[in-house]
Amino acid sequence: MAKNEHFKELSSIKVNRYRTPFLLPKECIPISNSEIREAWCKRRWLLSYGALLNKKLLISSPMNFGIVFHSVMEEVHIYWMKTDGEPYNLKLLSENISKQILSVASEYPNALEQELNDLIERIYEASSAYLFKLGMKPPEGYRVVAVEEELCFPFVDEQKNNILVKACLEEKTSYVSRGDDPFCQVTEWNYAFPFEKSGQNVIDVVLPLYHVGIMDFVLQNKETGKLVIGEMKTSASPDKYGYMFHIDPQISAYHYMLLFAVNNGWLNHKG
């Protein structure tokens, strides 16, 4: 049997893009919005997230328009947060886009120059239109208090106790390239299949279940202190996306996460 202390060092039983969401326990099972969308089919979820057989679900292409646009707008909101709402301008926007494209080029060395130029043009049109339409500053009377904020809340039962989930986990070691070390050893945990449960690296654990997410930005009313969650979305099919958005649990879940955080001193933590 694997030693439990190996597990206790981890904040998640699986690889994901969340670092340290506010109030997320070290020992828990975090569930992302993407996982919940896949949960309509238990087998699909088990294969893709539980067993980590489809890691494409966890990785986005650096050439993706939505990813680059999101990074550009993230920089805009960080600027507003640091300057207390000073106006953004097109010179800053051009520098911002150049920075993001250089990052893409370094991650995607085989990209053609024309591909990058087309991406630059599309990103500039979209981001400048966003700023011209909604303004070079945050909404009147609001300040940006958080950008790319990782939050969570516990799934609870009627007695307001955390739902505990028993999981049979398997430890797997892989090697990845990180920084100057091309053979960095990484330990991952995932749900063990029945035929794996007798293995040497399998343990049974009982852990609380948490919903985790990353908010694009959070605004605060300067007079009332009320908070507003901001999400930026891009889609090749806006009509279809808008229809599906009505049944998407992401935004409603973010409200619970923010309420949980605020009730536990998040604003004081933010300073």
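The model is a predicted one: local features need pLDDT of at least 70, side-chain atom pairs count only at pLDDT 80 or more, and totals for chains, interfaces and linings use all residues. Residues are numbered from 1 along each chain as its sequence is written, and side-chain values use heavy atoms, with hydrogens and water left out.

**The whole chain**

Start with everything shown as a cartoon. You'll find nine helices and six strands in the protein chain. These are DSSP runs, numbered from the N terminus: helices are H or I with at least four residues, strands are E with at least two. Of the 271 residues, 38% count as buried. Buried means under 20% relative accessible area, exposed means over 50%, and partly exposed is in between (1.4 Å probe, protein chains only).

**Helix α6**

Now select residues 113–134, which make up helix α6. At 1.5 Å a residue, its 22 residues should span 32 Å, and its end C-alpha atoms are 31 Å apart, which agrees. Next, show the side chains of L116, L119, I123, S127, S128 and L131, which are buried in α6. Look down the axis of α6: its buried residues fall within an arc of 145°, so they line one face of the helix. (The arc is that of the directions from the helix axis to the C-beta atoms.) An α-helix has 3.6 residues a turn, so residues three or four places apart point the same way.

What covers those buried residues? Bring in α4 (65–83) and α5 (90–107), which are included in the cover. Then turn to the face of α6 pointing away from its buried side, where Q114, F132 and K133 are exposed. Just after α6, stop at G135, which takes a positive phi of about 110°.

**Three salt bridges**

A search of the whole structure finds three salt bridges, meaning a side-chain nitrogen of Lys or Arg within 4 Å of a carboxyl oxygen of Asp or Glu.

- Select K99 and E75, whose side chains meet at 3.4 Å, N to O. This pair links distant parts of the chain, with K99 in helix α5 and E75 in helix α4, 24 residues apart. E75 counts as partly exposed, at 24% relative accessibility.
- Move to K91 and E95, which meet at 2.7 Å, N to O. Both lie in helix α5, four residues apart, about one turn of the helix. K91 is exposed at 59% relative accessibility, while E95 is partly exposed at 42%.
- Finish with E231 and K233, where the closest N and O atoms are 3.4 Å apart. K233 is partly exposed at 33%.

**Strand β2 and E148**

Select residues 142–154, strand β2, and pick out E148 within that strand. Is E148 buried or exposed? At 19% relative accessibility, E148 counts as buried. Leaving aside neighbours within four places in sequence, E148 is in contact (heavy atoms within 4.5 Å) with H70, E74, I214, M215 and D216.

**Last stop: helix α7**

Go to residues 238–245, helix α7, and find M244 there. M244 is partly exposed at 40% relative accessibility.

Technical notes:
Expected span 1.5 Å × (residues − 1).
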